Amino acid sequence: MKLSQFKFKLPDELVALEPPYRAFENEDGTVEKIYRRDECRMMVVHCKSQTIDMFKKDEEGNDTEDFIIFRDVVNYFDEGDTFIFNDTKVFPARLFGTKEKTDAKIEVFLLRELNPELRLWDVLVEPARKIRIGNKLFFDEDGPMVAEVIDNTTSRGRTLRFLYDCPHDEFKQELFALGAAPLPRYIVDRRDVEPDDAENFQTIYAKNEGAVTAPASGLHFSREVMKRLEIRGVNFAYITVHCSLGNFDIIEVEDLTKHKMSSEQMIIGSEACNIVNEAKQNGHHICAVGVSTARATETAVGTDGLLKEYDGWTNKFIFPPYEFGMADSLIANFYHPESTMLMTAAAFGGYDIVMEAYKLAMKHGYKFGCYGDAMLLLND
């Protein structure tokens, strides 16, 4: 397929800048927001029948005026079905500081730790033209957190050595205390990062630290939804995919077969394999929560259709046409035009029906992006 087939104009007002919330006015006139991550809308795409549901049904099976919301996801699965979640944990990767001597304001985006003993980190810097090898960067006016630029990696990439003498755990704690939630640029270019983002930009089941962006489709799950699924008899399997900024890489080729995805670290253990494979062998549905999960399970699925243990990296790029070997259901968000996430969703559901769903989403005011609305793709 061609890049241009995934091009459409997305109005700015349809990009969610925060999760769904209810606002309450206090006695002093201030407004308090109570975030309800499971109250976003959810469009249901039936891939085989090529139909789309947006509204709840009445007792006679006719559409009502009420939109399906994410909390209704429970109604589409039965006992024995299995959800595969990505339990990666986002760390506060965005730092702000100053350059020595000039006091120029700089932004440092932590990507990954290269060497714990030497305090070496792979980072991105803005503005990159001002940051050269040998420069020292200061991150806390009243504290000792200082870093030295020791190498260039890409046009915006640098290797930093943090000059901080203390136990590693203490260093990480101090470093992350200076950081902010690494919201995507399409949000931070339009508003400041707020304290609530530290919780909102993290799944409730996050466990294994290492992601620099959230597995967004998992953000819709509340404790209530998880409990209702558990009561219904749905099984949970957890894998780890450390989501990277490669999800936001601009595709610069029209022929999608020539695009190279950035690699992401992923771990699939024996427990997850056992849960998923037992469900699949017994004829139950397997739902991948998010395209990061779908890419990982497609990396690790065997020719027998069963999930295999995996500890390594994947740069798997999924776009139409593609036949999935593991999951038969997918929970996705509404993604930006020409994004790899949109292409993976279109590969799962079928290009025509997914793009039709996107047209309906824009017509009915669905919200796009990590804090936006959800799409449930079912193989029926």
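What you're looking at is a predicted model, so a local feature needs a pLDDT of at least 70 to be mentioned and side-chain atom pairs count only at pLDDT 80 or more, while totals for chains, interfaces and linings use all residues. Residues are numbered from 1 along each chain as its sequence is written, and side-chain values use heavy atoms, with hydrogens and water left out.

In the names below, H stands for a helix (a DSSP run of H or I, at least four residues) and E for a strand (a run of E, at least two), both numbered from the N terminus. As for what "pairing" is, strands of a sheet pair through backbone hydrogen bonds, either parallel or antiparallel. Here, two strands are said to pair if DSSP finds at least two bridges between them.

Strand E13 covers residues 146–152, strand E14 covers residues 157–162, and the two pair in the antiparallel sense over 5 bridges. A hairpin through 4 residues takes you from E13 to E14.

Axes here are lines fitted to C-alpha atoms, for helices over the stretch in contact, and angles run from 0 to 180 degrees between N-to-C directions. Contact, by the way, means heavy atoms within 4.5 Å.

Next, have a look at the loops. Another cis bond runs from Pro-320 to Pro-321, with omega near -10°. Pro-321 is in the loop between strand E19 (310–314) and strand E20 (329–333).

Two other loop residues have a positive phi without being glycine. Gln-50, with phi near 55°, is in the loop between strand E3 (42–46) and strand E4 (51–53). Asp-103, with phi about 60°, lies in the loop between E9 and E10. Are they buried or exposed? Gln-50 counts as partly exposed because its relative accessibility is 41%, and Asp-103 is exposed, at 54%. The cut-offs are under 20% relative accessible area for buried, over 50% for exposed and anything in between for partly exposed (1.4 Å probe, protein chains only).

Leu-256 is a loop residue too, placed between strand E16 (235–241) and strand E17 (264–268). Yet Leu-256 is buried, with a relative accessible area of 0%. Leaving out residues up to four places away in sequence, Leu-256 touches Met-1, Lys-2, Leu-3, Phe-6, Ile-251, Phe-317, Phe-319 and Met-343.

Finally, on to helix H8 (residues 351–363). Its 13 residues reach 19 Å from first C-alpha to last, close to the 18 Å expected at 1.5 Å a residue; the expected span is 1.5 Å times one less than the number of residues. Among the buried residues of H8 are Ile-353, Met-355 and Leu-360. The buried residues of H8 pack against E3, E4, E20, helix H7 (340–349) and strand E21 (374–378). After H8 comes Gly-365, with a positive phi near 75°.

How do H7 and H8 pack? They meet at an angle of about 125°, with their axes 6 Å apart. That makes H7 oblique to H8, because angles under 35 degrees count as roughly parallel, over 145 as roughly antiparallel, 65 to 115 as roughly perpendicular and the rest as oblique. From H7, the contact uses Leu-342, Ala-345, Ala-346 and Gly-349, and from H8, Tyr-351, Ile-353, Val-354, Met-355 and Tyr-358. These contact residues divide into 8 nonpolar, 1 polar and no charged. In that tally, Ala, Val, Leu, Ile, Met, Phe, Trp, Tyr, Cys and Pro count as nonpolar, Asp, Glu, Lys and Arg as charged, and the others, Gly among them, as polar.
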